[in-house]
Amino acid sequence: MTPPLFNPVAIQSGEEPLIGSAEAAEELCGRLNATMDELLSAIDTETKLVRAGKLIEASDIQPNKSELAKVYVADIEQFKRNALALSRLAPASIAALKARHEEFRSLLQINLAVLATAREVSQDIIKNVARKTSAGPATTTYGRSGTMSKDKIIGERGIAVDCNL
């Protein structure tokens with residue numbers, strides 16, 4: 001008789017079933033590896049697009065990247081719940097995933113640095129535009145004593161944005 005793929009006690013309690021065989025452990029490792037492949041590809045593409053200044057195209061990747069991240073987190077949670085069984089049933093796959101996870105972490109750090117830089121540049125552009133639009137000629141007025149006031153009074157001015165850029 002072959003051992004069950006999942007722990008029947010966990011199934012009866014309503015929790016997600018725990019891993020009970022080497023096949024199920026390898027399946028989970030393979031699924032996590034495939035998810036990491038897809039997520040790494042999306043992150044790498046996003047990083048290249050942001051570096052190239054193609055922010056609109058990079059933002060198109062976000063929904064897929066977000067969905068892949070959800071799947072990745074769910075797989076990691078299942079990994080945590082099954083840590084003892086996985087280390088016993090699939091030690092070679094676990095070692096390979098740990099090494100792979102280090103690669104994943106370094107690529108994610110690069111991506112986060114690129115996104116942070118793009119955010120800073122965008123904020124600087126917005127601040128400069130705001131500063132330029134508000135820096136106009138000062139309105140000259142007469143003060144209480146009938147002399148010209150040296151206070152700089154700046155009126156609000158509008159801004160137009162060309163979305164076709």
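Colleague: Which residue with a positive phi follows α2?
Modeller: The model under discussion is predicted. In it, helix α2 covers residues 22-51. The residue that follows α2 has a phi near 80°, and this residue is Gly 53.

Colleague: What distance does helix α2 reach from its first C-alpha to its last?
Modeller: Helix α2 has 30 residues, and at 1.5 Å a residue a span of 44 Å is expected. The distance in the model is close to that value, at 43 Å.

Colleague: Which element gives the largest share of the largest nonpolar core?
Modeller: This core holds 24 residues, of which Cys 29, Phe 79, Leu 86 and Phe 104 touch the most other members. Two or more residues come from each of α2, α4 (62-81) and α6 (91-134). The largest share is 12 residues, and it comes from α2.

Colleague: Which residues does Phe 79 touch, not counting residues up to four places away in sequence?
Modeller: Phe 79 is one of the core residues that touch the most other members. Cys 29 and Leu 86, also in that group, are among the residues that Phe 79 touches. With neighbours up to four places away not counted, the list is Leu 28, Cys 29, Leu 32, Leu 86, Ile 94 and Leu 97.

Colleague: Is Leu 32 buried or exposed?
Modeller: Leu 32 is found in helix α2. Not counting residues up to four places away in sequence, Leu 32 touches Tyr 72, Asp 75, Ile 76, Phe 79 and Leu 97. Its relative accessible area is 3%, and a residue under 20% counts as buried. Leu 32 is therefore buried.

Colleague: What distance separates the C-alpha atoms of Leu 32 and Tyr 72?
Modeller: Along the chain, Leu 32 and Tyr 72 are 40 residues apart.

Colleague: Which aromatic residues form the tilted pair?
Modeller: The count comes to one aromatic pair. Its ring centres are 5.0 Å apart, and 40° lies between the planes. Planes under 30 degrees apart would count as stacked and over 60 as edge-to-face, so the rest count as tilted. The residues of this tilted pair are Tyr 72 and Phe 104.

Colleague: Which helices hold the two residues of this pair?
Modeller: Tyr 72 and Phe 104 are both buried. The pair links distant parts of the chain, with its residues 32 apart. Tyr 72 lies in helix α4, and Phe 104 lies in helix α6.

Colleague: Why does Glu 46 count as buried?
Modeller: Glu 46 is found in helix α2. Leaving aside neighbours within four places in sequence, Glu 46 is in contact with Ala 58, Ile 61, Gln 62, Lys 65, Asn 111 and Leu 115. Residues under 20% relative accessible area count as buried. Glu 46 is buried because its relative accessible area is 5%.

Colleague: Which residue has a side chain joined to that of Glu 46 by a polar contact of 2.6 Å?
Modeller: Among the residues in contact with Glu 46 are Gln 62 and Lys 65. The polar contact of 2.6 Å joins the side chain of Glu 46 to that of Lys 65.

Colleague: What is the length of the polar contact that joins the side chains of Gln 78 and Arg 31?
Modeller: Gln 78 is found in helix α4. Gln 78 is buried, with a relative accessible area of 8%. Its side chain and that of Arg 31 are joined by a polar contact of 2.8 Å.

Colleague: Is Lys 70 buried or exposed?
Modeller: Lys 70 has its place in helix α4. Its C-alpha atom is 10.0 Å from that of Thr 35. The relative accessibility of Lys 70 is 53%, and over 50% the term is exposed. Lys 70 therefore counts as exposed.

Colleague: How far apart in space are Ala 92 and Glu 26, C-alpha to C-alpha?
Modeller: Ala 92 is found in helix α6 and counts as exposed, at 63% relative accessibility. In sequence, Ala 92 and Glu 26 are 66 residues apart. In space, C-alpha to C-alpha, they are 9.6 Å apart.

Definitions and conventions:
Residues are numbered from 1 along each chain as its sequence is written. This is a predicted model: local features need pLDDT of at least 70, side-chain atom pairs count only at pLDDT 80 or more; totals for chains, interfaces and linings use all residues. Side-chain values use heavy atoms; hydrogens and water are left out. Helices (H or I, at least four residues) and strands (E, at least two) are DSSP runs, numbered from the N terminus. The expected span of a helix is 1.5 Å times one less than its number of residues. A nonpolar core is a set of buried Ala, Val, Leu, Ile, Met, Phe, Trp, Tyr and Cys residues joined through side-chain atoms within 4.5 Å. Buried means under 20% relative accessible area, exposed over 50%, partly exposed in between (1.4 Å probe, protein chains only). Contact means heavy atoms within 4.5 Å. A polar contact is a pair of N or O atoms within 3.5 Å; within protein, one must be able to donate a hydrogen and the other to accept it, and residues adjacent in sequence count only if both atoms are side-chain atoms. Rings of Phe, Tyr and Trp (its six-membered ring) pair if their centres lie within 6.5 Å; planes under 30 degrees apart count as stacked, over 60 as edge-to-face and the rest as tilted.
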